[in-house]
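Welcome! Take a look at it first.

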Amino acid sequence: MDKITRRHALKAGGALGVLGAAGLAAPAQAQSLWTWSSRGSVAGTGDGADPRWVWDPEADPLLASIIDRGEVTKVNEALRTWTKNGQPLPDGLPADLRDFMERARGLPSWADQGKLATAFDFNEKRGLYLGVLYGLASGMMSTVIPHEARAVYYSKGGANMKDRISKTAKLGYDLGTRNAFQPDGEMIVTCVKTRLVHAAVRHLLPQSPYWPQTADQTIPISQRDMLVTWHSLPTTVMRRLTDWTVPIPAAESESFLHSWQLTAHLLGIMDEYTPASWDEANAQATQVLDPVLAPTSEGVDLAHILLNLGSSIDGGILTSHVLGAFTRFMLGDQIAEWLQIPAEPVWDPLLQQAWGPFIAVREGLLPFPAAPAAYWTFDEFLRQAALLFLSEAKPISIEIPDANRPL
Ligand code: HEM
């Protein structure tokens with residue numbers, strides 16, 4: 001390992017940094033060399049350290065201490081009442097946590113309210129596609145991201161995927177609201193709470209008896225892992241919308257990216273790693289996301305839980321067959337095979353042939369009389385799936401875990 005990564009790992013904060021440095025001795029992992037330059041980042045500069053060896057130096061020691069002090073229940077109770085961005089932090093939080101959260105909830109100087117307003121227009125216009133893409137492209141992709149699949153599987157939330165989905169959907173839902181980052185919105189709260197959850201997982205998961213047996217890293221959720229997951233969200237969504245030739249004005253596409261850049265910042269991804277443009281995002285995704293996709297037994301299990309959620313919620317329209325076919329269509333045959341999703345003799349060819357014209361009709365690029373017969377079926381699917389993945393985000397509280405999944 002070169003000097004810079006070891007130095008950075010140690011710099012990354014106390015015991016976690018040292019543990020991370022110890023992890024350097026682990027066998028080589030299927031990850032590419034980090035050559036992406038921070039000159040292409042939101043910060044425009046950085047020391048070039050591989051984000052695989054960087055975690056969250058501010059939040060991690062703090063959450064470890066809160067867990068070790070036995071304060072998680074007290075903190076969760078207090079945080080349940082904190083829901084709006086502009087709301088003062090609740091009473092009853094430990095002073096060190098309160099200090100951190102006051103800093104963590106602040107928007108960076110580069111936040112652009114004009115772009116956020118345009119991002120809302122985009123979310124409103126494209127809400128149906130976004131719901132489906134977040135759920136089926138990003139959500140299913142998370143099951144073939146080995147670090148994420150294992151972390152989710154062995155952490156507390158892995159025991160109840162329905163609950164986890166609605167919590168994760170809350171983030172997508174909050175981001176799509178008009179006032180996402182305004183005082184009466186909820187996105188800042190959701191991101192800061194998620195940052196605390198991730199820091200807690202970094203402390204807890206290494207203590208799971210299953211973690212060392214399966215994982216190829218000592219501490220989960222590195223900055224690199226977070227970038228990978230980030231790309232499974234906006235970058236993947238934008239890649240699919242582009243494949244489908246959905247017309248998106250440049251200002252809307254840039255604003256959508258901006259809303260996700262802010263999300264990254266509030267989740268604790270360092271600005272030196274967050275891509276400044278779609279070109280930079282695509283270049284980074286090619287380096288960190290595409291090569292890591294692979295099946296794991298944990299991911300296959302999670303994928304099948306997700307595929308079966310639809311039928312339990314909508315009374316049968318979104319059967320696992322239909323969801324499986326859409327997954328194959330959106331993520332390709334290779335991923336469908338990894339996830340052991342069976343071929344669907346009716347749905348697979350229908351999607352191949354009719355989805356393009358369907359989008360074209362929806363977008364006014366083809367006259368309506370040319371609408372394929374599947375038009376209304378697809379439209380109904382979009383509605384049901386968006387409902388499943390976004391509107392299911394009922395009032396829900398993101399809670400800091402105090403243990404791993406009991407297995
Ligand atoms: C929790 C979103 C990256 C693993 C959560 C939660 C949200 C979220 C909203 C709270 C929901 C819950 O408590 O279930 C995100 C986003 C990410 C990201 C938007 C990146 C942009 C990652 C990565 C990993 C990961 C990279 C692992 C490699 C987990 C785990 C939990 C969690 C294990 C806790 C589940 C539990 O309660 O046990 N994440 N996450 N996340 N996330 Fe992430």
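In the protein chain, residues 24 or more positions apart account for 77% of the contacts with a separation of 6 or more; two residues are in contact if their C-beta atoms, placed from the backbone, lie within 7 Å. This is a predicted model: local features need pLDDT of at least 70, side-chain atom pairs count only at pLDDT 80 or more, and totals for chains, interfaces and linings use all residues. Residues are numbered from 1 along each chain as its sequence is written.

**Whole chain**
- The protein chain has 19 helices and zero strands (DSSP runs numbered from the N terminus: H or I of at least four residues for helices, E of at least two for strands).
- Of the 407 residues in the protein chain, 47% are buried, with 20 or more other C-beta atoms within 10 Å of their own C-beta, placed from the backbone.

**Around the ligand**
- The ligand is surrounded by 24 residues, and the closest are A151, S155, G157, K167 and D225 (a residue counts if its C-beta atom, placed from the backbone, lies within 6 Å).
- Two or more residues of this shell come from each of α8 (146-154), α9 (161-175), α10 (187-204) and α12 (223-243).

**Helix α10**
- In α10, 17 of the 18 residues are buried.

**Helices α6 and α13**
- Helix α6 (residues 113-125) packs against helix α13 (residues 250-266) at an angle of about 105°, with their axes 8 Å apart (axes are lines fitted to C-alpha atoms over the stretch in contact, and angles run from 0 to 180 degrees between N-to-C directions).
- That angle makes α6 roughly perpendicular to α13 (65 to 115 degrees).

Terms used:
Buried ≥ 20, exposed ≤ 12 C-beta atoms within 10 Å, placed from the backbone. Parallel < 35°, antiparallel > 145°, perpendicular 65-115°, else oblique.
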